Amino acid sequence: FAACIADPRDQSRVVHDLSDILRARMLAIACGYEDADDLDALRHDPGFKLALGKLPGGAVGLASQPTMSRWENAPTTRELVRLTGALVDLYCASYPAPPVAVTFDIDETVDVVHGGQQLSFWNGHYGERCFLPIHVYDTATGRPVAMLLRAGKAPSGAETAGHVRRLIRRIRRHWPDTRITLRGDGHYGRPEIMAWCEANGIDYVFGLPGNKALHADPVIVSRGDGCATDRALRGLGVLRRYAETRYAAKSWGPAKRRVAARIEASSMGLDIRFVVTSLEEGSAEHIYDTLYCARGQAENLIKLHKTQLKSDRTSCRSANANQMRLILHTAAYWLMWKLRQAMPVIAVLKNAEFATIRLRLIKVAARVVETASRIRIAFASACPDANIFRHIARALKPAPA
């Protein structure tokens, strides 16, 4: 990340390298200190100083809050593009070999603002002035792929297609042959995105809002009536069926696309949900229940990013500075994800949330003793997670050169 940002300072007078500044900020976020001014209290913390290769008792501490804030505001738009690309490169490099297939979940989340920040818009759906940053995850593994700060209005098809095009182009540099599937809710079932995906060999599964034409489709009507009748005759509380048809909205042009429908009959009546997909294999039930509904896990990943790593602390006036914060919080997400991956398979914390991991493994008491020849860190003998801590420390230890 430091290599993506120009450093105009006189290097002969620099006390804190740019890499140390960024590393301290990312580690602080991962540890639950999401505000830059927390570094004023932490700059002489022995644990943080050790993490940055400094002596615990040394006179030189970490960079202070003003230094952190200056570097949050320093990157230009071009440098932010490079940083975002570096996150995508980091994602691709996290696989030891290109995967055969991956599925990306794309979604936006509300980020309420307070003040006159650039890109803040009033959003009638949320009843707030906000940003709507886009999050992209490899949901099956929990890996973050890309985070993009954007205005607080629903993205248009052309805007989203542009974001997807740039993202896939970057990934294809690393994985030219991987089968990629894009998944999202009804916001993303736009003709611009679907047409681009079809032209570039990308599969998709998108939610599709219902309308009069879909609800009047003979296949859907027949299947829905049959489902409601069967439920009533069998005395069931709820009965679910599936159907599929070919459909083309007026804005899509003449080409019809495959639409899968989930039909649920209950005492309250019929509830029908639709998805549109480029996939030709698999039943309508598989498309909806197994593929599309799995995107719900992305909401949990957004919660880790936004709630437990506080990535909604986008209080800078400049949009560039807020995008930089989003990048730093995503880097902290990678640190926590890597920590979780280093745990033994049978560990009780293997699938724990970041807040639990932080409480059990990171924010624990220790005595740091510095002598002339070594630094000794003594943990409590009764530490309940000592075995997991020891396993992770060994797993993350760099291999000898």
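Figure 1. At a relative accessibility of 15%, Asp-20 counts as buried, because the limit for a buried residue is under 20% relative accessible area. Arg-23 has a relative accessibility of 37% and counts as partly exposed. In this predicted model, the side chains of the two residues, Asp-20 and Arg-23, meet in a salt bridge with an N to O distance of 3.0 Å. Both residues belong to helix 1, which covers residues 18–30. Asp-20 and Arg-23 are three residues apart, or about one turn of the helix.

**Figure 2. Overview of the protein.** The protein contains 14 helices and 13 strands. Its C-alpha trace spans about 80 × 50 × 45 Å along the principal axes. Of the 401 residues in the protein, 47% are buried. The protein exposes about 19900 Å², and carbon and sulfur atoms supply 54% of this area. When contacts between residues at least 6 apart in sequence are considered, 60% of them join residues at least 24 apart. The structure holds 23 salt bridges.

**Figure 3. The salt bridge between Arg-241 and Asp-230.** Arg-241 forms a salt bridge with Asp-230, and the closest N and O atoms are 2.9 Å apart. This pair links distant parts of the chain, with Arg-241 in strand 9 (residues 238–247) and Asp-230 in helix 9 (residues 218–234). Arg-241 counts as buried, at 19% relative accessibility. Asp-230 counts as partly exposed, at 27% relative accessibility.

**Figure 4. The salt bridge between Arg-240 and Asp-289.** The side chains of Arg-240 and Asp-289 meet in a salt bridge of 3.4 Å, N to O. Arg-240 lies in strand 9 and Asp-289 in helix 10 (residues 284–292), so the pair ties together parts that are 49 residues apart in sequence. Arg-240 is partly exposed, with a relative accessibility of 37%. Asp-289 is likewise partly exposed, and its relative accessible area is 27%.

**Figure 5. A network of salt bridges.** Arg-25, Glu-72 and Arg-325 are the residues of this view, and a network of salt bridges links them.

Figure 6. Asp-138 is located in strand 5, residues 134–138. Asp-138 is buried and yet has no salt bridge. The nearest side chain of opposite charge belongs to Arg-143, at a distance of 4.7 Å. The side chain of Asp-138 does make a polar contact with the side chain of Tyr-91, at 2.8 Å. Apart from neighbours within four places in sequence, the residues in contact with Asp-138 are Tyr-91, Tyr-95, Val-102, Thr-103, Phe-104, Arg-143 and Val-145.

**Figure 7. The surroundings of Asp-107.** Asp-107 belongs to strand 1, which covers residues 101–108. With a relative accessible area of 6%, Asp-107 is buried. Its side chain is joined to that of Arg-295 by a polar contact of 3.2 Å. Residues up to four places away in sequence are set aside in describing the contacts of Asp-107, which include Pro-133, Ile-134, His-135, Asp-185 and Tyr-188. Asp-107 also touches Arg-295, Glu-299 and Ile-302.

**Figure 8. The surroundings of Arg-183.** Arg-183 is placed in strand 7, residues 179–184. Arg-183 is buried, with a relative accessible area of 8%. The side chain of Arg-183 makes a polar contact of 2.7 Å with the side chain of Asp-105. Tyr-204 lies 21 residues from Arg-183 in sequence, and the two are 5.7 Å apart in space, C-alpha to C-alpha. Beyond residues up to four places away in sequence, Arg-183 touches several others, among them Thr-103, Phe-104, Asp-105 and Ile-106. The contacts of Arg-183 also include Val-205, Phe-206, Leu-291, Tyr-292 and Arg-295.

Figure 9. Leu-55, Ile-375, Ile-377 and Phe-379 make a nonpolar surface patch of about 340 Å². Phe-379 is found in strand 13, which covers residues 375–379. Phe-379 has a relative accessible area of 39% and is partly exposed.

Methods. Residues numbered from 1 in each chain as written. Predicted model: local features only at pLDDT ≥ 70, side-chain atom pairs only at ≥ 80, totals over all residues. Heavy atoms only, no water. Patch = residues over 30% accessible without salt bridge, like charges linked within 9 Å, V, L, I, M, F, W, Y side chains within 5 Å. Areas by Shrake-Rupley, 256 points an atom, 1.4 Å probe, with all protein chains shown as cover. Salt bridge = Lys/Arg side-chain N within 4 Å of Asp/Glu carboxyl O. Helix = DSSP H or I, 4+ residues; strand = E, 2+ residues; numbered from the N terminus. Buried < 20%, exposed > 50% of the residue type's maximum accessible area, 1.4 Å probe, protein only. Lys, Arg positive; Asp, Glu negative; His and termini not counted. Polar contact = N/O pair within 3.5 Å; in protein donor to acceptor, adjacent residues only side chain to side chain. Contact = heavy atoms within 4.5 Å.
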